[in-house]
Amino acid sequence: MTPVALHTVFEALAYMVGFRTFLWTRRRLAPSAFQHDDHVVWVGVGAIVGAALGAKLAFWIDDPIAAFASFPDLRHLLEGKSIVGALLGGLIGVELAKKIAKVPRSTGDAFVLPLTVGMCIGRVGCFLAGLGDHTYGVLTSLPWGVDFGDGVPRHPTQLYEIAFLLAQYAVIHWRHDVFAKPGDRFRAFMIGYLMFRLLVEFIKPVFYNWPGGLSGIQWLCVAGLAYYGRDIPRILRALFARGSGAWEPR
(Lines give C-alpha, C1' and ligand atoms only; values in the text may rest on other atoms or scores of the structure.)
Protein backbone atom coordinates (compact mmCIF):
# COMPACT_ATOMS: atom_id res chain seq x y z
CA MET A 1 0.00 0.00 0.00
CA THR A 2 1.37 3.42 -0.94
CA PRO A 3 1.94 6.12 1.71
CA VAL A 4 -0.93 8.16 0.25
CA ALA A 5 -3.27 5.18 0.47
CA LEU A 6 -2.17 4.48 4.05
CA HIS A 7 -2.86 8.08 5.00
CA THR A 8 -6.30 7.90 3.40
CA VAL A 9 -7.15 4.69 5.24
CA PHE A 10 -6.17 6.14 8.61
CA GLU A 11 -7.97 9.40 7.90
CA ALA A 12 -11.18 7.51 7.11
CA LEU A 13 -10.67 5.39 10.23
CA ALA A 14 -10.21 8.55 12.29
CA TYR A 15 -13.57 9.90 11.11
CA MET A 16 -15.39 6.63 11.74
CA VAL A 17 -13.94 5.94 15.18
CA GLY A 18 -14.27 9.61 16.15
CA PHE A 19 -17.97 9.57 15.25
CA ARG A 20 -18.63 6.38 17.19
CA THR A 21 -16.73 7.85 20.15
CA PHE A 22 -18.89 10.98 19.96
CA LEU A 23 -22.08 8.91 20.19
CA TRP A 24 -20.71 7.15 23.27
CA THR A 25 -19.40 10.38 24.85
CA ARG A 26 -22.70 12.13 24.34
CA ARG A 27 -24.43 9.48 26.46
CA ARG A 28 -21.77 8.79 29.08
CA LEU A 29 -19.44 11.75 29.57
CA ALA A 30 -21.43 14.80 28.45
CA PRO A 31 -25.13 13.88 28.68
CA SER A 32 -26.23 17.48 29.26
CA ALA A 33 -24.49 18.92 26.19
CA PHE A 34 -27.51 18.48 23.90
CA GLN A 35 -31.16 18.98 24.80
CA HIS A 36 -32.62 17.66 21.55
CA ASP A 37 -31.51 15.43 18.69
CA ASP A 38 -32.04 18.23 16.16
CA HIS A 39 -29.41 20.23 18.04
CA VAL A 40 -26.95 17.43 17.31
CA VAL A 41 -27.72 17.76 13.58
CA TRP A 42 -27.26 21.53 13.57
CA VAL A 43 -24.01 21.37 15.52
CA GLY A 44 -22.76 18.47 13.39
CA VAL A 45 -23.41 20.33 10.13
CA GLY A 46 -21.78 23.48 11.48
CA ALA A 47 -18.74 21.52 12.63
CA ILE A 48 -18.32 19.64 9.33
CA VAL A 49 -18.74 22.66 7.05
CA GLY A 50 -16.64 24.94 9.25
CA ALA A 51 -13.87 22.35 9.64
CA ALA A 52 -13.70 21.68 5.91
CA LEU A 53 -13.44 25.37 5.03
CA GLY A 54 -11.05 26.14 7.90
CA ALA A 55 -8.73 23.25 7.00
CA LYS A 56 -8.35 24.52 3.43
CA LEU A 57 -7.98 28.18 4.42
CA ALA A 58 -5.24 27.27 6.91
CA PHE A 59 -3.31 25.40 4.20
CA TRP A 60 -3.52 28.43 1.92
CA ILE A 61 -2.25 30.66 4.73
CA ASP A 62 0.53 28.31 5.81
CA ASP A 63 1.97 27.61 2.34
CA PRO A 64 0.52 30.14 -0.12
CA ILE A 65 3.31 29.64 -2.66
CA ALA A 66 2.53 25.94 -3.05
CA ALA A 67 -1.23 26.44 -2.77
CA PHE A 68 -1.40 29.06 -5.53
CA ALA A 69 1.50 27.76 -7.63
CA SER A 70 -0.69 26.78 -10.58
CA PHE A 71 -3.50 29.27 -10.13
CA PRO A 72 -6.13 29.33 -11.65
CA ASP A 73 -5.67 25.54 -11.79
CA LEU A 74 -7.51 24.47 -8.64
CA ARG A 75 -5.70 21.18 -7.99
CA HIS A 76 -3.13 22.58 -5.58
CA LEU A 77 -5.74 24.68 -3.81
CA LEU A 78 -7.77 21.58 -3.04
CA GLU A 79 -4.90 19.32 -1.95
CA GLY A 80 -3.70 20.39 1.50
CA LYS A 81 -5.43 20.85 4.84
CA SER A 82 -4.59 21.60 8.44
CA ILE A 83 -5.92 20.29 11.76
CA VAL A 84 -5.49 23.71 13.36
CA GLY A 85 -7.62 25.26 10.62
CA ALA A 86 -10.18 22.48 10.93
CA LEU A 87 -10.52 23.01 14.69
CA LEU A 88 -10.86 26.80 14.43
CA GLY A 89 -13.15 26.59 11.42
CA GLY A 90 -15.26 23.95 13.15
CA LEU A 91 -15.48 26.17 16.23
CA ILE A 92 -16.79 29.08 14.15
CA GLY A 93 -19.17 26.80 12.26
CA VAL A 94 -20.61 25.36 15.47
CA GLU A 95 -21.11 28.76 17.06
CA LEU A 96 -22.93 30.04 13.96
CA ALA A 97 -25.08 26.91 13.80
CA LYS A 98 -25.97 27.25 17.49
CA LYS A 99 -27.10 30.83 16.95
CA ILE A 100 -29.27 29.82 13.99
CA ALA A 101 -30.81 26.85 15.82
CA LYS A 102 -30.95 28.72 19.14
CA VAL A 103 -28.97 26.04 20.98
CA PRO A 104 -28.73 27.56 24.49
CA ARG A 105 -25.83 25.71 26.05
CA SER A 106 -22.21 24.78 25.45
CA THR A 107 -21.79 21.56 23.46
CA GLY A 108 -17.99 21.39 23.33
CA ASP A 109 -17.47 18.90 26.16
CA ALA A 110 -19.01 16.14 24.03
CA PHE A 111 -16.22 16.54 21.47
CA VAL A 112 -13.09 16.33 23.65
CA LEU A 113 -12.65 12.57 23.61
CA PRO A 114 -13.79 12.08 19.96
CA LEU A 115 -11.35 14.74 18.78
CA THR A 116 -8.52 13.25 20.83
CA VAL A 117 -9.14 9.74 19.48
CA GLY A 118 -9.68 10.85 15.88
CA MET A 119 -6.63 13.12 15.80
CA CYS A 120 -4.38 10.41 17.27
CA ILE A 121 -5.51 7.93 14.62
CA GLY A 122 -5.07 10.53 11.89
CA ARG A 123 -1.54 11.33 13.03
CA VAL A 124 -0.61 7.66 12.72
CA GLY A 125 -1.54 8.00 9.05
CA CYS A 126 0.53 11.18 8.78
CA PHE A 127 3.53 9.39 10.28
CA LEU A 128 3.20 6.46 7.87
CA ALA A 129 2.78 8.81 4.90
CA GLY A 130 6.33 10.09 5.42
CA LEU A 131 7.75 13.05 3.51
CA GLY A 132 4.73 13.50 1.27
CA ASP A 133 2.54 14.53 4.18
CA HIS A 134 4.67 17.54 5.24
CA THR A 135 3.97 16.96 8.94
CA TYR A 136 7.48 15.79 9.91
CA GLY A 137 10.01 17.74 11.93
CA VAL A 138 13.40 19.21 11.13
CA LEU A 139 16.78 17.48 11.36
CA THR A 140 17.65 16.09 14.80
CA SER A 141 20.56 14.23 16.35
CA LEU A 142 18.36 12.75 19.07
CA PRO A 143 18.34 8.93 19.18
CA TRP A 144 14.63 8.74 18.31
CA GLY A 145 15.01 10.72 15.08
CA VAL A 146 13.17 9.05 12.19
CA ASP A 147 14.35 8.71 8.59
CA PHE A 148 11.25 9.27 6.47
CA GLY A 149 12.98 8.15 3.31
CA ASP A 150 15.53 10.82 2.44
CA GLY A 151 18.33 9.65 4.77
CA VAL A 152 17.78 12.53 7.21
CA PRO A 153 16.82 11.78 10.84
CA ARG A 154 13.96 14.10 11.73
CA HIS A 155 11.81 14.87 14.74
CA PRO A 156 8.77 12.56 14.55
CA THR A 157 6.43 15.44 15.38
CA GLN A 158 3.41 13.30 14.51
CA LEU A 159 4.30 10.97 17.39
CA TYR A 160 4.98 13.94 19.68
CA GLU A 161 1.46 15.13 18.94
CA ILE A 162 -0.08 11.75 19.70
CA ALA A 163 1.75 11.62 23.04
CA PHE A 164 0.64 15.16 23.87
CA LEU A 165 -3.00 14.53 22.98
CA LEU A 166 -3.16 11.40 25.14
CA ALA A 167 -1.46 13.13 28.09
CA GLN A 168 -3.69 16.17 27.73
CA TYR A 169 -6.85 14.07 27.72
CA ALA A 170 -5.65 12.18 30.80
CA VAL A 171 -5.24 15.47 32.68
CA ILE A 172 -8.59 16.88 31.50
CA HIS A 173 -10.41 13.68 32.44
CA TRP A 174 -8.64 13.44 35.79
CA ARG A 175 -9.55 17.04 36.65
CA HIS A 176 -12.98 17.10 35.01
CA ASP A 177 -14.80 17.80 38.28
CA VAL A 178 -12.98 21.11 38.94
CA PHE A 179 -14.06 23.00 35.83
CA ALA A 180 -16.30 25.94 36.66
CA LYS A 181 -18.44 26.14 33.52
CA PRO A 182 -19.99 23.79 30.98
CA GLY A 183 -17.69 23.74 27.96
CA ASP A 184 -14.52 24.21 30.00
CA ARG A 185 -13.26 20.75 29.14
CA PHE A 186 -13.40 21.69 25.46
CA ARG A 187 -11.79 25.06 26.17
CA ALA A 188 -8.99 23.24 28.00
CA PHE A 189 -8.55 20.93 25.00
CA MET A 190 -8.36 23.83 22.53
CA ILE A 191 -6.07 25.99 24.66
CA GLY A 192 -3.69 23.11 25.30
CA TYR A 193 -3.57 21.97 21.69
CA LEU A 194 -3.09 25.48 20.30
CA MET A 195 -0.24 26.08 22.75
CA PHE A 196 1.34 22.76 21.77
CA ARG A 197 1.10 23.52 18.05
CA LEU A 198 2.46 27.03 18.52
CA LEU A 199 5.57 25.53 20.14
CA VAL A 200 6.06 22.35 18.10
CA GLU A 201 5.96 24.32 14.84
CA PHE A 202 9.38 25.70 15.79
CA ILE A 203 10.86 22.25 15.09
CA LYS A 204 9.00 21.78 11.81
CA PRO A 205 9.94 23.12 8.38
CA VAL A 206 8.53 26.58 7.63
CA PHE A 207 7.16 26.75 4.10
CA TYR A 208 6.39 30.48 4.18
CA ASN A 209 7.62 33.08 6.69
CA TRP A 210 5.01 35.52 7.91
CA PRO A 211 5.78 38.65 10.00
CA GLY A 212 7.44 37.89 13.31
CA GLY A 213 9.21 34.86 11.89
CA LEU A 214 6.16 32.70 12.54
CA SER A 215 4.45 30.30 10.18
CA GLY A 216 0.86 30.71 9.08
CA ILE A 217 -0.16 27.87 11.41
CA GLN A 218 1.51 29.61 14.34
CA TRP A 219 -0.35 32.84 13.63
CA LEU A 220 -3.61 30.89 13.54
CA CYS A 221 -2.67 29.41 16.93
CA VAL A 222 -2.04 32.92 18.25
CA ALA A 223 -5.45 34.01 16.96
CA GLY A 224 -7.13 31.02 18.59
CA LEU A 225 -5.39 31.64 21.91
CA ALA A 226 -6.42 35.31 21.75
CA TYR A 227 -10.03 34.17 21.32
CA TYR A 228 -9.72 32.10 24.50
CA GLY A 229 -7.63 34.74 26.27
CA ARG A 230 -10.06 35.50 29.08
CA ASP A 231 -10.60 31.79 29.74
CA ILE A 232 -6.92 30.79 29.93
CA PRO A 233 -6.23 31.82 33.57
CA ARG A 234 -9.37 30.03 34.81
CA ILE A 235 -8.61 26.88 32.81
CA LEU A 236 -5.01 26.72 33.98
CA ARG A 237 -6.08 27.16 37.61
CA ALA A 238 -8.63 24.38 37.21
CA LEU A 239 -6.11 22.01 35.68
CA PHE A 240 -3.12 22.59 37.91
CA ALA A 241 -4.19 24.34 41.14
CA ARG A 242 -4.55 22.32 44.30
CA GLY A 243 -7.99 21.69 45.72
CA SER A 244 -11.15 20.79 43.91
CA GLY A 245 -14.39 22.32 42.78
CA ALA A 246 -17.50 21.03 41.16
CA TRP A 247 -18.57 21.08 37.56
CA GLU A 248 -22.30 21.55 37.43
CA PRO A 249 -24.35 21.69 34.24
CA ARG A 250 -26.34 24.90 33.98
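Me: Why is Asp231 called buried?
Reply: The model is a predicted one. Asp231 has a relative accessibility of 11%; buried means under 20%, so Asp231 counts as buried.

Me: What makes the contact of Asp231 with Arg234 a salt bridge?
Reply: The closest N and O atoms of Asp231 and Arg234 are 3.3 Å apart. The criterion is a side-chain nitrogen of Lys or Arg within 4 Å of a carboxyl oxygen of Asp or Glu, and therefore the pair qualifies.

Me: With which residue does Asp184 form a salt bridge, and how far apart are the closest N and O atoms?
Reply: Asp184 is bridged to Arg234, with 2.6 Å between the closest N and O atoms. This pair links distant parts of the chain, since Asp184 belongs to helix α7 and Arg234 to helix α9, 50 residues apart. A network of salt bridges joins Asp184, Arg187, Asp231 and Arg234. The structure holds 10 salt bridges.

Me: How do you know whether Asp184 and Arg234 are buried or exposed?
Reply: The relative accessible area is 1% for Asp184 and 16% for Arg234. Both values lie under 20%, so Asp184 and Arg234 are buried.

Me: Why is Asp62 said to have no salt bridge?
Reply: The nearest side chain of opposite charge, Arg197, is 6.8 Å away. A salt bridge requires a nitrogen and an oxygen within 4 Å, so Asp62, although buried, has none.

Me: What is the phi of His134, and why is His134 called partly exposed?
Reply: Phi of His134 is near 60°, again a positive value in a residue other than glycine. The residue lies in the loop between α5 and β1. The relative accessible area of His134 is 46%, which falls between the limits of 20% and 50%, so His134 is partly exposed.

Me: Why is Lys81 called partly exposed, and what does Lys81 touch?
Reply: Lys81 has 45% relative accessibility, a value between 20% and 50%, and therefore counts as partly exposed. Lys81 is placed in the loop between α3 and α4. Among residues beyond four places away in sequence, Lys81 touches Glu11, Ala55 and Phe59.

Me: How do you know that the span of helix α1 is close to the expected value?
Reply: Helix α1 has 26 residues and reaches 36 Å from its first C-alpha to its last, close to the 38 Å expected at 1.5 Å a residue. Its buried residues are His7, Glu11, Ala14, Gly18, Thr21, Phe22 and Thr25. What covers them includes α2 and α5.

Me: What makes a set of residues a nonpolar core, and which members of the largest one touch the most other members?
Reply: The members must be buried nonpolar residues joined through side-chain atoms within 4.5 Å. The largest core has 34 residues, and Val84, Phe179, Phe186, Phe189, Met190, Tyr193 and Leu194 touch the most other members. Its largest share, 10 residues, comes from α7. A second, separate core of 10 residues includes Phe22, Val40, Ala47 and Val94.

Methods:
Residues numbered from 1 in each chain as written. Predicted model: local features only at pLDDT ≥ 70, side-chain atom pairs only at ≥ 80, totals over all residues. Heavy atoms only, no water. Helix = DSSP H or I, 4+ residues; strand = E, 2+ residues; numbered from the N terminus. Expected span 1.5 Å × (residues − 1). Buried < 20%, exposed > 50% of the residue type's maximum accessible area, 1.4 Å probe, protein only. Contact = heavy atoms within 4.5 Å. Lys, Arg positive; Asp, Glu negative; His and termini not counted.
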